[in-house]
Amino acid sequence: MMEAPAPEDELNFCQACTVRNRAICADLETYEIALLNKIGRRRRLEAGESLMWEGDDAVYVANVVSGVLKLSTQTSDGREQILGLAYPSDFLGRPFGNTSPYNAEALCETVVCVFRRTDFERFALDHSRLEHKLLERTLSELDRTRRWMLLLGRMNAEERLAALLLEIGARSVAAGCGNSADADIDRFELPMSRQQIADILGLTIETVSRQLTKMREDGIIEIRGRRKVTICKRGVLEKLAA
């Protein structure tokens, strides 16, 4: 269920939000933020908990505040196909649509701002800045989907993994989930297991492990523990992904 903050805390929560300047509500005036808060609530998801299911009635839309979600669909034979990842400031759901376009599952503890779709639609129609931002996000998502199709359709295993690591690093740093101590070194934590990486890239877990080991031995990346990654040779990784 959604968590309802105390009324006096609603606007303060939004003003202190770490994704405030990059989220769907970034261009709204203070009074518009206050109005938007009246129709939205925060919700905390545990790892493995779903926010929406493909094909179900589109009851909610949401903006990611922290954490990472996996977006997926089911193939005709019942297998899961991962479509992408949603990071802080990403928008989920389909306003002005009747059904959810994908499954959205938290990969780690995640916080989202949730709105009833019908309430959000009415608000967007009455506030052109939000409607414009929604169009921008839709076009950006279309570009990201096209890149994803290229990644899965044309690249070999090494190239796919390189492209994914670069995207995770860039999105993690932009979202405040990692840090960049130097222009050529990105440090971040993988938001998923190796099996999930394999599912995303259409590879086997053995292939993913083999490619990660090769990149580590070549000094392209460092791996600490199971998920902490440092990109040591960004130029080499970018060349692999090109």
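Two strands pair if DSSP finds at least two bridges between them. Helices (H or I, at least four residues) and strands (E, at least two) are DSSP runs, numbered from the N terminus. The model on screen is predicted: local features need pLDDT of at least 70, side-chain atom pairs count only at pLDDT 80 or more, and totals for chains, interfaces and linings use all residues. Residue numbers start from 1 along each chain as its sequence is written, and side-chain values use heavy atoms, leaving out hydrogens and water.

Select residues 69-74 and 80-86. These are strand 4 and strand 5, paired in the antiparallel sense over six bridges. Gln74 stands opposite Glu80 of strand 5. The hairpin has five residues between the strands, and Gly78 in this hairpin takes a positive phi near 90°.

Next, select Ser89, in the loop between strand 5 and strand 6 (91-92). Ser89 is not a glycine, yet its phi is positive, near 90°. Ser89 has a relative accessible area of 8%, so it is buried (under 20%; exposed is over 50%, partly exposed in between, with a 1.4 Å probe and protein chains only).

Go on to Phe96, in the loop between strand 6 and strand 7 (103-106). Phe96 is another residue other than glycine with a positive phi, here near 65°. Its relative accessibility is 45%, so Phe96 counts as partly exposed.

Last, select Leu139 in helix 4 (residues 128-154). Leu139 counts as partly exposed because its relative accessibility is 48%.
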